[in-house]
Amino acid sequence: MGRVNEKLVAFLNNRWLVFVAAIWVQSCAGIGYLFGSISPVIKTNLSYNQKQIARLGVAKDLGDSVGILAGTLSEILPFWGTLLVGALNNFIGYGWVWLIVTGRAPVLPLWAMCVLVFVGTNGETYFNTVSLVSCVQNFPKSRGPVVGILKGFAGLSGAILTQIYAIMHFPDSANLIFMIAVGPALVAIGMMFFIRPVAGHRQVRPSDGVSFSSVYGVCLLLAAYLMGVMLVEDLVDLSPTVIAIFTAVMFVILLTPFLIPVILTFSSETTAYPEQEALLQQSPKQEPARSEPDGHEVIFSEVEDEKSEGEDLLPASERQKRIAQLQARLLQAAAEGAVRVKRRKGPRRGEDFTLGQALIKADFWLIFFSLLLGSGTGLTVIDNLGQMSQSLGYDNTHIFVSLISIWNFLGRVGGGYFSEIVVRDYAYPRPIAMATAQFLMIFGHIFIGMGWPGAMYIGTLITGLGYGAHWAIVPATASELFGLKKFGALYNFLTLSTPMGSLIFSGLIASSIYDSEAEKQAHNGLSQLQSSSSVWFSRLHVDAPLKCDGAICFFLTCMIMAGFCAIAGMLSLILVHRTKGVYYNLYGKSRASTLS
């Protein structure tokens with residue numbers, strides 16, 4: 001009996017169980033990505049124009065990104081309490097929107113609807129914060145893969161929820177809003193006692209590489225499966241039974257990662273490796289730069305900062321020898337009064353920063369504005385997919401929402417995987433992967449803007465991959481440059497850039513251009529109606545919501561966004577240049593010692 005209890009405790013405290021529970025929460029946490037599916041029904045039932053829908057979209061983006069309160073509460077409340085607050089936000093916000101859209105509650109002013117959408121979507125920030133902070137703390141040596149996988153499942157949640165909705169056979173598509181209100185809240189409440197830090201750095205195993213490979217395999221299988229299912233459902237009229245079978249297989253794939261903590265706990269390999277624990281416990285003492293160094297470490301820190309670039313090319317033993325010589329000379333000079341050793345103010349990049357300390361660093365703002373321009377343009381496409389596809393003559397807008405959700409997912413998983421190769425194998429700055437994604441997004445915007453036959457599929461592919469990559473690369477980069485201690489606050493501040501970008505590109509640029517083109521088309525149609533002397537029908541046409549048809553509706557918007565993506569890529573390249581030395585200190589030394 002004691003052996004069983006020991007196994008059960010080990011299972012409940014297994015960091016892979018926490019990771020799997022976080023994956024399930026993230027699988028339904030990206031509720032904001034379904035706005036493109038619910039915006040047409042909101043627009044129709046409440047008689048909104050495109051500017052009003054754009055304002056709701058900005059409110060959604062604000063709710064999705066303003067996570068300062070979530071980051072603060074995660075440091076005060078237990079993680080289960082933070083998840084519960086997020087579940088309540090999600091349920092109350094979107095539940096009330098559903099009541100209004102279906103006529104069960106009185107219609108509220110636009111500003112009140114924006115508040116409800118903000119509150120409902122803001123629940124996602126609580127899910128993200130708890131999942132990311134707990135898992136990054138449990139897997140400190142695998143930040144790229146962990147962040148990429150978690151954010152990837154959040155991006156895929158749009159396709160997952162759409163597939164679940166397909167088996168419910170609601171006659172009114174407004175009931176998708178009801179599922180958005182109830183589904184994520186129930187999953188978060190069910191998982192809230194499992195997601196927490198469990199001293200994961202003491203559970204390092206040689207089999208971790210195999211475990212991550214298994215999760216990556218599940219990710220790729222799920223994405224490929226959902227893409228195939230969505231295409232089949234779009235091209236073929238399937239029976240409810242077949243759709244239910246497709247959805248059941250999707251659930252089986254989602255449950256597969258649960259086998260990892262089960263096997264790890266109940267296999268023969270049940271104990272941590274003491275030599276690895278010793279190395280992990282000793283590593284902080286061996287690191288040369290800390291936030292609170294003593295006198296010798298301050299000198300070492302300054303020598304590291306001032307060393308020439310060519311010194312990085314020396315063998316590790318020779319470099320350490322030279323630094324030790326310089327340190328000894330400085331100590332002797334300080335003792336003789338020739339120089340004064342000065343204590344560095346604040347942490348160095350790679351150490352633990354507070355939010356206030358990070359805000360005065362140029363690197364932090366380079367990340368912020370690069371994310372604003374890159375993810376802001378990508379999110380504008382996601383928010384306006386319904387109108388974009390309708391303007392190009394596509395009747396089923398759900399297929400593009402589902403497809404871009406899959407590409408978004410693959411971009412996040414791939415961004416985490418390939419950026420980890422860049423830093424681990426080459427000790428090169430991770431932001432180079434973000435620059436690559438941003439330059440690729442230029443072509444995605446051009447394809448969508450041109451409106452060629454089939455270009456919508458290619459454009460959503462490129463844009464989804466590029467947008468998704470941001471959310472695997474940026475959190476990992478922030479944790480590497482500014483530390484893990486205040487990671488929740490730092491990450492949630494950086495996410496503020498996304499609604500700012502959405503406000504600029506969607507709320508101001510896209511909606512204004514769309515309504516302007518729609519007014520031109522309505523004016524031309526009205527002139528034709530007046531020439532036929534149908535006064536009553538002309539008035540009816542004027543009262544109808546504005547609608548734009550053709551590639552012209554979003555052409556100029558997409559070209560503008562392509563230009564700003566180029567600027568974002570340049571900012572990322574500047575960050576790469578500035579952080580080469582930091583990434584060499586983080587990853588290059590261990591790589592050089594391994595090679596030697």
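How many disulfides does the count come to in this structure? The count comes to one disulfide, and the close-ups below start there; keep in mind that this is a predicted model.

**View 1. Cys-548 and Cys-553 are joined by a disulfide.** The two sulfur atoms sit 2.0 Å apart. Turn to the torsion about the S-S bond and you get about -95°, so this disulfide is left-handed.

**View 2. Met-561 sits in helix H25, which covers residues 552–578.** With a relative accessible area of 1%, Met-561 is buried. What does Met-561 touch, leaving aside residues up to four places away in sequence? The contacts are Thr-377, Thr-380, Val-381, His-445 and Phe-505.

**View 3. Trp-16 and Phe-19 make an edge-to-face pair.** The count of aromatic pairs in the model comes to 32. In the pair shown here, the ring centres of Trp-16 and Phe-19 are 5.7 Å apart and the planes meet at 70°; over 60 degrees counts as edge-to-face, so that is the label for this pair. Both residues belong to helix H2 (residues 15–26), and because Trp-16 and Phe-19 are three residues apart there, about one helical turn separates them. Trp-16 is buried at 1% relative accessibility, and Phe-19 is buried too, at 0%.

**View 4. Phe-447 and Trp-452 form another edge-to-face aromatic pair.** Centre to centre, the rings of Phe-447 and Trp-452 are 5.8 Å apart, with 85° between the planes. Are these two residues buried or partly exposed? Phe-447 is partly exposed, with a relative accessible area of 25%. Trp-452 is partly exposed as well, at 43% relative accessibility.

**View 5. Several aromatic residues come together in one cluster.** Which residues form this aromatic cluster? The members are Phe-353, Phe-364, Trp-365, Phe-368, Phe-369, Phe-482 and Phe-493.

Methods. Residues numbered from 1 in each chain as written. Predicted model: local features only at pLDDT ≥ 70, side-chain atom pairs only at ≥ 80, totals over all residues. Heavy atoms only, no water. Helix = DSSP H or I, 4+ residues; strand = E, 2+ residues; numbered from the N terminus. Buried < 20%, exposed > 50% of the residue type's maximum accessible area, 1.4 Å probe, protein only. Contact = heavy atoms within 4.5 Å. Phe/Tyr/Trp six-rings, centres within 6.5 Å; stacked < 30°, edge-to-face > 60°. Disulfide = S-S within 2.5 Å.
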